Amino acid sequence: MECSLNYRDILKKTLQEATRNQPRLQAIQLYPVCDLDSGHFLAIATGWDKQRWIDTILFHARLVGDRVIIEEDNFEQGLSSALIAAGIPAENIITGLNYQSGAIAAVSPGM
């Protein structure tokens, strides 16, 4: 099996699990958005936070070849460790900033 297909499954499952834990105090809902064809994976938060409407991207990753490029990760613990634990090698997970600058550096498991 091609690793990018497996990475798609891992990203989808990780996002589904991460968004299952909903905030308790506010009326905010978390949703996984997984486009398997384009290789984009997002977690969005939407709803009312007190008197303010929230509609934001908590997490955005995309597949580029055999790499997972994390563009945004605003989860408290981050999702890199969960992706590594699920089977994606740390050296294949990089941040979008490092990818764009050409300084491809793997994400450390503690991030």
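The protein chain exposes about 6700 Å², and carbon and sulfur atoms supply 51% of that area. The areas come from the Shrake-Rupley method with a 1.4 Å probe; for residues, only the protein chains shown count as cover. This is a predicted model: local features need pLDDT of at least 70, side-chain atom pairs count only at pLDDT 80 or more, and totals for chains, interfaces and linings use all residues. Residues are numbered from 1 along each chain as its sequence is written, and side-chain values use heavy atoms, with hydrogens and water left out.

Start with the layout. The protein chain has three helices and five strands. Both are DSSP runs numbered from the N terminus: helices are H or I with at least four residues, strands E with at least two. From the N terminus on, the order is α-β-β-β-β-α-β-α. Of the 111 residues, 37% are buried, meaning under 20% relative accessible area (1.4 Å probe, protein chains only).

Now the hairpin. Strand E1 (residues 27-35) pairs with strand E2 (residues 40-49) in the antiparallel sense over nine bridges. Pairing requires at least two DSSP bridges between the strands. Cys34 stands opposite Phe41 in E2. Four residues lie between the strands of this hairpin, where Gly39 takes a positive phi near 80 degrees.

Next, strand E3 (residues 52-64), which holds Arg62. Arg62 counts as buried because its relative accessible area is 17%. The side chains of Arg62 and Glu71 are joined by a polar contact of 2.5 Å. Such a contact is a pair of N or O atoms within 3.5 Å; within protein, one must be able to donate a hydrogen and the other to accept it, and residues adjacent in sequence count only if both atoms are side-chain atoms.

Note on methods:
Buried means under 20% relative accessible area, exposed over 50%, partly exposed in between (1.4 Å probe, protein chains only).
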